[in-house]
Amino acid sequence: MISERLKAARPPLPDLFAGAVLWGTQMLASAMAALCFRNGMETAHLRDLALLYFTGGLLAWPFMLPLGRFLAHRRSPETRFAAFFLTLAAGTILMTAFLFAMDYRVFYSAWHASFGSLTWVFQFVFTGASAVYQFAVLGIRLFLPLGLLCLFGTSVALAKRMR
């Protein structure tokens, strides 16, 4: 049973690679649309934000598509939709937050203690936690409203394709 699910979870390579680029592009479009609606794209970090949201979607897809396929195997259409919806939403948010946290860490590392020390560990953990919190408060908004529509449409399409 598990080996059958694992086999079904492996997507065709074109779905994996082309899907990653398409999903990253959708997340980029979502972030840019939200920035345009909210402040007319007036930000000094437009290129950085575009790269962050594209890369978050691009890197989340190869992990979340197989997980969604694993959870959706031999399930009802509603369950397949839910599996893809939840895995893509959670994975994309977590990957983008992780990338934001690593960028945040790179910026603040100039003021951190030497690598490997106990102080460094605390600084690394709390800098990362602060970045994830900041992303949760400010960054998730850029996935709305277009990202939610993309998530819904992609989840429906994936649920229909998988039997």
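## Loop residues with positive phi

Arginine 74 sits in the loop between helix 3 and helix 4; helices are DSSP runs of H or I with at least four residues, numbered from the N terminus. Arginine 74 is not a glycine, yet its phi is positive, about 55°. With a relative accessible area of 62%, arginine 74 is exposed (over 50%; buried is under 20% and partly exposed in between, with a 1.4 Å probe and protein chains only).

Methionine 41 belongs to the loop between helix 2 (13-39) and helix 3 (46-72). Methionine 41 also has a positive phi, near 65°, and is partly exposed at 30% relative accessibility.

## Basis of the model

This is a predicted model, in which local features need pLDDT of at least 70, side-chain atom pairs count only at pLDDT 80 or more, and totals for chains, interfaces and linings use all residues. Residues are numbered from 1 along each chain as its sequence is written, and side-chain values use heavy atoms, with hydrogens and water left out.

## Cis peptide bond

The peptide bond between leucine 144 and proline 145 is cis, with omega about 0°. Proline 145 lies in the loop between helix 5 (118-139) and helix 6.

## Annotated spans

An unreviewed UniProt entry places "transmembrane region" features at several spans, including residues 16-37 and 49-69; such annotations may be inferred rather than shown by experiment. Residues 16-37 are 100% helix and 0% strand, with end C-alpha atoms 31 Å apart. Residues 49-69 are 100% helix and 0% strand, and their end C-alpha atoms lie 30 Å apart.

Notes. Helix = DSSP H or I, 4+ residues; strand = E, 2+ residues; numbered from the N terminus.
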